[in-house]
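These are my notebook entries on a single protein chain. I record below what I looked up, entry by entry.

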Amino acid sequence: MTGVPASAAGGPSGAQGARGTAAAADGVASEVSGSASAPGAAVPGRSAAGGESAADATAEGRPARGGKITAAAVNQASVWNVANLLTMLRLVLVPGFVALMLADGGYDPAWRSLAWAAFAIAMITDLFDGHLARTYNLVTDFGKIADPIADKAIMGAALICLSSLGDLPWWVTIVILGRELGITLMRFLVIRYGVIPASRGGKLKTLTQGVAVGMYVLALTGWLATLRFWVMAAAVVLTVVTGLDYVRQAIVLRRQGIAERAAALEETEA
């Protein structure tokens, strides 16, 4: 007989006593947390949901529990938004448009009407996805890359189909596509100096191109066929003029960027 109580020796009574002490401590902690978590109050070191705060986890040199999962969920939600879904729809419409455009030799008015419907849907979604992304803060890296690709893809597919069918001279297709691809490449080259914003002329050019190409997709005759010729002529002129203006902006932006870097370097050396 050592005279040591069973609770101190780790026996059943000791285990029950330890559990009781822990429960009591938890009860006190719950009461303290409940009083401190009243409306408008927060417990230091805990999030509003009672979880571990990112600040405390960072202070202790370890990531907060569930931080990576939450970040992944946010990124996933930011990609699968309505603006990006409209962009994906335009990408899906491209092969469908080509199939409708070239169906039955490419000259059947019914198939051309269906092709026009697909083209019109693509152009309309182009107007909405960018507006939605900017208005509701839905801009993502995917959208920045996929949106211009979708724009060039549907317009390029329409122009190439029209030229291959003999409805539109090849030089028109080359001028428009050459300008679009060239300006896109130029923007990437000068992106380190700044961003060239879309001008009103550029937006008018896009609208005119869409109307002109849409009129050529339809099997129009008579005065409507004459009208579409002049609309396409206006689109070509706007394409060239706005392209030259973007080149001018790129040159000015590059010169300003180089001058600012040189001034910053001189100031650092001084």
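I began with E180, which counts as buried because its relative accessibility is 8%, under the 20% limit. The model I am reading is a predicted one. I located E180 in helix α7, which covers residues 170–189.

I then asked which residues E180 touches once those up to four places away in sequence are set aside. The contacts I found are K152, K205 and Q209. With Q209, the side chain of E180 makes a polar contact of 3.4 Å.

For E180 I found a salt bridge with R179, at 3.3 Å from N to O. R179 is itself buried, at a relative accessible area of 11%.

I found a second salt bridge between K205 and E180, with an N to O distance of 2.8 Å. K205 belongs to helix α8 (residues 200–217) and E180 to helix α7, so this pair ties together parts 25 residues apart in sequence. K205 has a relative accessible area of 4% and is therefore buried.

I counted how many salt bridges the protein holds, and the total is seven. I looked at the one between D147 and R90, whose closest N and O atoms are 2.9 Å apart. R90 counts as buried, since its relative accessibility is 0%. I also recorded that R90, D126, D147 and D151 are joined into one network by salt bridges that share partners.

I turned to L159 in helix α6, which runs over residues 141–164. Is L159 buried or exposed? L159 counts as buried, because its relative accessibility is 0%. Leaving out residues up to four places away in sequence, I listed its contacts as L168, T173, I176, L177 and V213. For T173, 14 residues from L159 along the chain, I noted a C-alpha separation of 5.6 Å.

L91 sits in helix α4 (residues 82–102). I classed L91 as partly exposed because its relative accessible area is 33%.

At the N-terminal end, D108 caps α5, with a side-chain oxygen 2.9 Å from the backbone nitrogen of A110. Just after α5, N137 has a positive phi of about 55 degrees.

The protein has nine helices and zero strands. Of its 270 residues, 30% count as buried. Among contacts with a separation of 6 or more, 66% come from residues 24 or more positions apart. The protein exposes about 16800 Å², of which carbon and sulfur atoms supply 68%.

Conventions. Residues are numbered from 1 along each chain as its sequence is written. This is a predicted model: local features need pLDDT of at least 70, side-chain atom pairs count only at pLDDT 80 or more; totals for chains, interfaces and linings use all residues. Side-chain values use heavy atoms; hydrogens and water are left out. Helices (H or I, at least four residues) and strands (E, at least two) are DSSP runs, numbered from the N terminus. Buried means under 20% relative accessible area, exposed over 50%, partly exposed in between (1.4 Å probe, protein chains only). Contact means heavy atoms within 4.5 Å. Accessible areas come from the Shrake-Rupley method with a 1.4 Å probe; for residues, only the protein chains shown count as cover. A polar contact is a pair of N or O atoms within 3.5 Å; within protein, one must be able to donate a hydrogen and the other to accept it, and residues adjacent in sequence count only if both atoms are side-chain atoms. A salt bridge is a side-chain nitrogen of Lys or Arg within 4 Å of a carboxyl oxygen of Asp or Glu.
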